[in-house]
Every structure is written in C-alpha cells, then in structure tokens.
Amino acid sequence: KMPAMLVMGSFICRIGLVLAGFYFVGLGDWKKLVICLIGFIVARFAVIWYTKLVDEKMMQIKKEAIHEA
C-alpha cells in the first residue's frame, strides 16, 4: 500500500549493509576503504553493462519472433 516506504526501507537496508561491509573490511585503514570503494564502483558498472546486454539480447529475440510470425 505504501511503495515509497518500501523503496526507502530497501535503500536504507542496502546502504547499511554496504557500509557495514566497508567497515569490517576496512578496519580503519583508509587504503582498504579506497580499494573497497573502487571495487564497489567497478562491480556496479559491470552489473549495469551486463544487464544492458541481456536486455538488448531479449529485445532482439522478441523482434525476431515477431518477424517470424
């Protein structure tokens, strides 16, 4: 009934998990924290790139199926 609350709750939980992971991996060393941040950003771009490829492939399959019919 309240999608905004669900989205915000999910956002807060995900941010909390990421920050907790950074805290436990970094252990107060700024070099480790920077490496975590770089890894997080690279992983984010990798997931975005991969999901775009999957979406484009699915669109191509749908177009081919329409043309075959």
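Is Met58 buried, partly exposed or exposed? Met58 counts as partly exposed, at 43% relative accessibility. The model is predicted, and every value here is computed from it.

Start from Met58. This residue is found in helix H2. Helix H2 covers residues 30-68. Met58 has 43%.

Now turn to the aromatic rings. A pair of aromatic rings is described by the distance of the centres and the angle of the planes. How many aromatic pairs does a search of the whole structure find? The search finds two.

One of them joins Phe22 and Phe40. The ring centres are 6.0 Å apart, and the planes make an angle of 90 degrees. That geometry is edge-to-face, because planes over 60 degrees apart count as such. Phe22 lies in helix H1, residues 3-26, while Phe40 lies in helix H2. The pair therefore ties together parts that are 18 residues apart in sequence. The two rings can also be placed by their accessibility. Phe22 is buried, with a relative accessible area of 18%. The cut-off matters here, because buried means under 20%. Phe40 counts as partly exposed, at 37% relative accessibility.

The other pair is made by Tyr23 and Phe24. This pair is edge-to-face too, with 75 degrees between the planes. The centres lie 5.4 Å apart. Are these residues buried or exposed? Tyr23 is exposed, with a relative accessible area of 59%. Phe24 counts as exposed, and its relative accessibility is 59%.

Next comes the link between the helices. Leu27 sits in the loop between H1 and H2. At 62% relative accessibility, Leu27 counts as exposed.

Finish at Glu68. This residue lies in helix H2, which covers residues 30-68. Glu68 counts as exposed, with 68% relative accessibility. How far is the C-alpha atom of Glu68 from that of Arg14? The two atoms are separated by 43 Å. Along the chain, Glu68 and Arg14 are 54 residues apart.

Terms used
Residues numbered from 1 in each chain as written. Predicted model: local features only at pLDDT ≥ 70, side-chain atom pairs only at ≥ 80, totals over all residues. Heavy atoms only, no water. Phe/Tyr/Trp six-rings, centres within 6.5 Å; stacked < 30°, edge-to-face > 60°. Helix = DSSP H or I, 4+ residues; strand = E, 2+ residues; numbered from the N terminus. Buried < 20%, exposed > 50% of the residue type's maximum accessible area, 1.4 Å probe, protein only.
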